[in-house]
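Take a moment with the sequence and the 3D structure below. Then we will walk through some of the parts together.

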Amino acid sequence: MNPISSNPQIQSAHETHSPYIHPLPPEQRLINRRQVWAANRFWMEIDNMKTKRYGNKGRHHWYELLFMMKSFKWMLRFLGLYKWGVRNAKNIILKEIPLYFPNLPKAFEAFTILHLSDLHLDGMKGLENRILHSLQDRTVDLCVLTGDYRTKLHGFHKQIINSLKYLIDNIDSRQGFVGILGNHDGCHMVNPLEQIGIHMLINEACRIHRDNERILIIGTDDVHYYYTDQALHALEHDNEEFSLALVHSPELYDMASKMGVDLYLCGHTHGGQVCLPGGKAVIKHLNRGRKYYRGHWHYRGMQGITHSGVGTSGIPVRFNTQGEILIYRLHRQPVLNRKNCNNSSRQNI
Ligand SMILES: [Fe+2]
């Protein structure tokens, strides 16, 4: 099943206006672009390569970090704190957040978006049932998934896809599911994710229609490990259109704002996962935008939300932070505190 053609509510946004260019049929263009992307991503994955903005390349240090986390796990066990941390991680909270935009199309008043991020479904048994229990058969207008469906960086993904299929089959989203990849997700997961009904955006965009109006959704590949300039190009759009960007991490916050994105949704940091008392993160896993490691933030007229993650990675514990499921309700209204909007600010949610 191809969700681009099967879901009339979601429309691909790849269009050309040149009279000299006779494009291939949309699905064929998408396949070609995806093949080029997948070939590049595949080599970065097997080399454990991390590519940052401005051309910096190097190996990522996930495996060293994993070793440190395993040592930390044994220390927690020794101190008798491990079970407490696991209990904290399983205590996932549902939060409803109203968001206000002066330029939201009228038809999208009270539009609801369920945001799930960093599920890491292989990291916590039964997580999908916990999520469904929290949602209690609630209906939303759209569900967005901002990556990291698994914990492992390589290898099989069948179990993850099965768990995710069960999850989305039981979520009532009127206009479907839109997703992107995180730094823990492999390029070979895109097709299986689309087959279970998630409209994947890999440096691409789609439009959501309601009555006669529409909003644009842009989704990039992960930019923490696998940055390419195609992620920046994907953010370019007609500024007249209300736009929402899905990026796995907050690391493109400045460019997205420059390109006129209205709402930037991301995750990746898990809110720090293991924080000091008071919620101060010890490790943020961010090269840029470290200030925006969690919560609701503003940057030069753009609003952003960094999801604290539903699941956990490394070891299944949390301290002084909480897993969350977020539902946004969009409203068309002038933003009350203009000072916050024009400068840069962040608040916990
Ligand atoms: Fe991540």
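Which residue in E7 is the bridge partner of Leu-114? It is Cys-143. Hold on to that pair while we set the ground rules.

This is a predicted model, in which local features need pLDDT of at least 70 and side-chain atom pairs count only at pLDDT 80 or more, while totals for chains, interfaces and linings use all residues. Residues are numbered from 1 along each chain as its sequence is written. Helices (H or I, at least four residues) and strands (E, at least two) are DSSP runs, numbered from the N terminus.

Now the sheet. Strands of a sheet pair through backbone hydrogen bonds, either parallel or antiparallel. Two strands count as paired if DSSP finds at least two bridges between them. Here 6 strands form an open sheet, and the pairing is mixed. Their order is E4-E19-E5-E7-E9-E10. Strand E4 (93–101) and strand E10 (198–200) stand at the edges. Each has a single partner strand, so one side of each is left without a neighbour in the sheet. Neighbouring strands of this sheet are turned by 25 degrees against each other on average, direction ignored. For such angles, axes are lines fitted to C-alpha atoms, for helices over the stretch in contact, and angles run from 0 to 180 degrees between N-to-C directions.

Follow the pairs. E4 joins strand E19 (residues 324–332) in the parallel sense, over 9 bridges. Lys-95 stands opposite Leu-326 in E19. E5 and E7 are also paired in the parallel sense, over 4 bridges. E7 in turn runs parallel to strand E9 (residues 177–179), with 3 bridges between them.

Look along strand E7 (residues 142–145). In a regular strand the side chains alternate between the two faces of the sheet. Leu-142 and Val-144 point one way, Cys-143 and Leu-145 the other way. All are buried. A residue is buried if 20 or more other C-beta atoms lie within 10 Å of its own, exposed if 12 or fewer, and partly exposed in between; C-beta atoms are placed from the backbone.

Next, a helix. In H5 (residues 127–135), Leu-127, Glu-128 and Ile-131 are buried. They cover an arc of only 100 degrees around the axis, which puts them on the same side of H5. The arc is that of the directions from the helix axis to the C-beta atoms. The buried residues of H5 pack against helix H6 (158–169) and E19.

Leu-135 is also found in H5. It is partly exposed, with 19 other C-beta atoms within 10 Å. Leaving aside its neighbours within four places in sequence, Leu-135 is in contact (C-beta atoms, placed from the backbone, within 7 Å) with Leu-94, Ile-171 and Ile-325. Leu-135 and Ile-327 are 192 residues apart in sequence, yet 9.8 Å apart in space, C-alpha to C-alpha.

Finally, some backbone angles. Most residues other than glycine have a negative phi. Gln-136, which follows H5, has a positive phi near 45 degrees. Ala-110 has a positive phi near 70 degrees. Ala-110 is in the loop between E4 and strand E5 (112–116). His-268 has a positive phi near 85 degrees. Its loop lies between strand E14 (263–266) and strand E15 (275–276).

Technical notes
Contact = placed C-beta atoms within 7 Å.
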